[in-house]
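Subject: Structure for you to look at

Hello,

Here is the structure I promised to pass on. Please open it and keep it beside you while you read my notes.

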Amino acid sequence: MAIDTSELRQQQLEKSRQVVLTDDFATPRLIAGADVGFEQQGTVTRAAIAIMTWPELELIEYQIARIPTLLPYIPGLLSFRECPALYEAWQLLQHKPQLVLVDGQGIAHPRYFGVACHFGLLVDIPTIGVAKSRLFGTHSEIEQQPGSYQPLMDKTQQLGWVLRSKKRCNPLYISPGHKVSLASSLWWVEQCLKGYRLPEPTRMADGIASNRTKFKRMINKSR
DNA sequence: GCGACAG
DNA sequence: ATCTTGTCGC
């Protein structure tokens with residue numbers, strides 16, 4: 001398919017100016033995890049959003065949306081590929097969360113506008129980007145000690161954090177999405193860690209979106 | 001010019 | 001991301 005990527009990148013630059021990087025939310029009652037998976041050789045996009053209570057972190061609802069894949073994967077343009085499906089799932093929710101952990105980068109992006117920023121602006125809800133690998137920014141080595149972290153930098157400007165969330169696991173790349181500060185983005189992810197590499201909301205959404213049999217049992221309880 | 005590159 | 005069982009290491 002023919003895609004004018006220069007136009008999409010221009011949209012990102014314009015939208016990035018609207019992203020809010022200070023805390024604009026009270027202590028959340030519900031925190032969500034959002035992730036996307038694919039079926040049929042990538043022709044179908046499947047988005048999952050898991051709603052969990054705070055501070056219990058118990059799953060109370062989840063929604064899945066399946067739509068035809070609109071774009072191929074292009075580094076830097078992930079939001080245009082995943083947001084449509086995420087928005088479909090969002091509209092199905094009976095409970096709207098006050099904070100969302102989105103898989104992928106927040107402002108740690110070449111245009112300072114990753115998928116977490118894009119989705120947060122779209123639904124006007126605070127979001128934090130939690131990515132499993134690096135896209136943009138530099139950082140010094142992370143100690144092996146769980147809980148250790150380093151700032152993720154762009155020259156002299158900090159974009160986020162690189163956190164060793166679990167022993168012998170690759171670190172997490174955390175950055176503000178929308179209406180969240182640098183300090184809070186790290187703090188909330190830490191609060192949602194329960195012994196696994198991924199924070200609970202993200203881990204749950206990831207399991208559901210990836211259709212892992214392991215998660216099919218536990219999610220049946222909440223319906 | 002060459003490599004890097006969220007999911 | 002996805003195709004996929006056992007297996008190496010802490």
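In which loop does Pro55 lie? Pro55 is in the loop between β2 and β3. Strands and helices here are DSSP runs, numbered from the N terminus: a strand is E with at least two residues, a helix is H or I with at least four. The peptide bond from Trp54 to Pro55 is cis, with omega near 5°. Most peptide bonds are trans.

Some ground rules. This is a predicted model, in which local features need pLDDT of at least 70 and side-chain atom pairs count only at pLDDT 80 or more, while totals for chains, interfaces and linings use all residues; side-chain values use heavy atoms, with hydrogens and water left out. Residues are numbered from 1 along each chain as its sequence is written, and chains are lettered from A and ligands numbered from 1 in the order in which they are written.

The sheet

Start with the strands. Two strands count as paired if DSSP finds at least two bridges between them.

Look at β2 next. Ten of its ten residues are buried, so β2 is largely enclosed by the rest of the structure. Buried means under 20% relative accessible area, exposed means over 50%, and partly exposed is in between (1.4 Å probe, protein chains only). Val44, Arg46, Ala48, Ala50 and Met52 point one way from β2. Thr45, Ala47, Ile49, Ile51 and Thr53 point the other way.

β1 and β2 pair in the antiparallel sense over ten bridges. Asp35 stands opposite Ala48 in β2. These two strands form a hairpin with four residues between them. Gln40 is in that turn, and its phi is positive, near 50°. Most residues other than glycine have a negative phi. Is Gln40 buried or exposed? Gln40 counts as exposed, because its relative accessibility is 53%.

Ile49 has Gln63 as its bridge partner in β3. β2 and β3 form a hairpin with five residues between them. Leu57 in the turn has a positive phi of about 60°.

A close look at Thr45

Thr45 lies in strand β2 (residues 44-53). Thr45 counts as buried because its relative accessibility is 0%. Its side chain makes a polar contact with the side chain of Thr69 at 2.8 Å. (A polar contact is a pair of N or O atoms within 3.5 Å; within protein, one must be able to donate a hydrogen and the other to accept it, and residues adjacent in sequence count only if both atoms are side-chain atoms.) Leaving out residues up to four places away in sequence, Thr45 touches several others, including Val36, Phe38, Ile67 and Ala85. Contact means heavy atoms within 4.5 Å.

The helices on the sheet

Helix α2 (residues 78-92) has 15 residues. There is a kink of about 25° in α2, centred on Pro84. The bend at a residue is the angle between axes fitted to the seven residues ending there and the seven starting there. The buried residues of α2 include Phe80, Leu86 and Trp90.

β6 and β7 pair in the antiparallel sense over six bridges. Tyr149 stands opposite Leu163 in β7. Six of the seven residues of β7 are buried, so β7 is largely enclosed by the rest of the structure. β7 and β8 are antiparallel too, over three bridges. Arg168 lies in the loop between β7 and β8. Arg168 is exposed, with a relative accessible area of 72%.

Best wishes

Methods
Expected span 1.5 Å × (residues − 1).
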